[in-house]
Amino acid sequence: MGRARWRRVGSTLWRVVAVWAVSTLTMLVLAGILPDFKLQADDGDSATRIAVTAAYGAGAFGLLSALVWPLLVRALLLVPALVLGVLAFFLNGSLLLLALSLIPEDRGEAGAETAVVVAAVMSAVASAAGGALAVRDDDAYRRRLYRLADRRKRRGIRERPGPIAPGTVFIQLDGVGHDVLRGAVAKGLMPTVGRWLGEEGAATHRLIPWRTDWSSQTGASQLGILHGSNHDVPAFRWYEKDTGEVMVSNRPASAVELQRRAVRRAGDGGLLTVDGASRGNLFSGGAEQLALVLSMAARRDKKNRSRAGYFAYFSDPANAVRTALSFVAEVFREISESTRARVERRRPRVGRGGLYPFIRAFATVVERDVVVAAVIGDMLAGRSAVYADLVAYDEVAHHSGPTGPDVEKVLRRLDRSLALLAQVAEHAPRAYRIVLLSDHGQSPGETFRARYGLTLADLVRAGCGLPVPRRARRTHSGAEARAAVRAALRRPVEEGAGEHRPTHHAEPIVLASGNLGLVSFPDVGHRMTREEIDRRHPALLSTLADHPGVGFLLVRSAERGPLVLGARGAEVYLDEEPADLGPLADFGPGAADAVRRTDGFPHAADIMVNSWYDPCEGEVLAFEEQIGSHGGLGGAQSRAFLLSPLVLSAPVADGQELVGAEAVHRVLRRWLGEALGPEVPVTVAEAPVPVNDPLPEEPVGTAFAAADPAAQDKTR
């Protein structure tokens, strides 16, 4: 035992000396290149003296980075996360200037701008060297990651009697449809997934599609997957007449309320109630370990630790520098790609200016890096169940389309993250089963506004006999990443995104959720029937149903129940088991069941509008500014995937189809039970309290690890 300990000490000292030497050499090279950076006295020094000065400066900078940097980041924890990423450059430069000031006889000197550059390069080189040396020693690699993952605890994994059951890691690739994943594997874009599917040998995983609910978006799907119920979630955003509020799935206050309702209806806390961790999700899943969970961002008191994940990640200066550099590179990459799309006059195309390049960089770099690091920490801490959401593909596909070179680059980088997690699993204290899944797909197509020159709200106003603006209003994207950015910045949630709020109480409220639209009349306290709508606005339903950009409408008949309306007077009464599905026929199997289920929701809109769909091309017309959309019926958006290890039982029997997010929840819960035993349900009395009540304190013992810089690509 003593000999092994001394061997570890010797190995650690060797790595410290090696990194110090590499840092010293880097400082010497930079001093020779940069005119404002010197390591010698004004009258010159010998080569030996300059080398000693560089070693002194590199050592001081290394010590300051290890000791002072975490304290700086903790002091700046209240600074918005995106601002903290930018400040990383300047803070690191300040540490370098401090280190140079400690060199005897003032032999170290650098300009402020030069110090920022030197510090960034030295941090990246030192991290790469340390990571490369640690990878050569499996035990050292695991110990290094675990120390970075749980610096606050600094203790080993607690001993458990008997054999340790395998843990399960669920990675959600937001918006990646079944066919997109298949295509990416076939093109060699995702070699890690390809190996799991047997592209280079025996398969270790099975891949199946699953069909979403009518509301094919993250709010409904993830709520159902994590909490077992997405009842009464008719869309991404909807109006509730009983409260007079617009619920939006990615608003923190709405997310808290939706989670509370799901827990009460399902009768238990969620998928992750037993030793679970929730990372980067809209909802907690009942996990004790929470980081970057949107439903926690609604809390504003001093106990709020929902952003502790940023501190845990950025407390390593090398992480901060690499992510900040990658963030800047991604911003310029997006500007370049959007400029190329305009020059080449690609169609369809939506605006990608303003803050979008920064939102994209947040989703594809910051969110990905922080969440992946969190999952690594969870695995090395030996947690039983982890669920994490990576939103990079979904955000880019909304603006670039579900296929093409732009999203292919994102898929490549996501696969590298999966490869890193698979590598870490080999060094974790327990076996891990990695399950990959998506919450929905995306369907391509131009926007409703681009094709017809008006928005859905304009069409509704015309059908009601109300004045229509001469110039159609732009309906902003409501993608998940936008709300995550605003939560990270601690900015108020955008009002009016994807919605038309009337100036008069009697005017309709029109909301957009991808290619699904919702029309509600706020001055009527109940859901209006088809007969009431016809009496009030005789031309409205026919105006909508006969428009070429509309696929079908759902209204409710006072006499015959749920009614689907289509062009040229087509009517389908869903409670009467129609032989002819009329306008629903093109939307594939299960469309009638999905629409019928939504009709039973208490907060279904007075009129539900699904856009036109081309079954040959798979295209829809989004009511938002998105050329890759989801939220309704039509095409790939409703065809998600589930990729699971063969050691787990089959999700469904041969010949059967997995339908609905709640069914996916039951499958995932069964798999956890196979490894860990039955979950312990939470009674309704133990459900989370309403939004207006004080929230319990969030556990802060989150574990994060810094990703191996050699394994996770940041800038390509």
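A: Asp213 counts as buried because its relative accessibility is 13%; buried means under 20% relative accessible area, exposed over 50%, and partly exposed in between (1.4 Å probe, protein chains only). This is a predicted model, in which local features need pLDDT of at least 70 and side-chain atom pairs count only at pLDDT 80 or more, while totals for chains, interfaces and linings use all residues. Residues are numbered from 1 along each chain as its sequence is written, and side-chain values use heavy atoms, leaving out hydrogens and water.

The side chain of Asp213 forms a salt bridge with that of Arg597 (3.4 Å, N to O), where a salt bridge is a side-chain nitrogen of Lys or Arg within 4 Å of a carboxyl oxygen of Asp or Glu. Asp213 lies in the loop between strand S4 (205–211) and helix H9 (218–227) and Arg597 in helix H21 (residues 591–599), so the bridge ties together parts 384 residues apart in sequence. Helices (H or I, at least four residues) and strands (E, at least two) are DSSP runs, numbered from the N terminus. Arg597 is partly exposed, at 29% relative accessibility.

A second salt bridge joins the side chains of Asp378 and Arg279 (2.6 Å, N to O). Asp378 is in helix H13 and Arg279 in strand S7 (residues 276–279), so this pair ties together parts 99 residues apart in sequence. Both Asp378 and Arg279 are buried.

Glu334 and Arg360 also meet through their side chains in a salt bridge (2.6 Å, N to O). Glu334 is in helix H12 and Arg360 in helix H13, 26 residues apart. Glu334 is buried at 0% relative accessibility, and Arg360 is buried with a relative accessible area of 0%.
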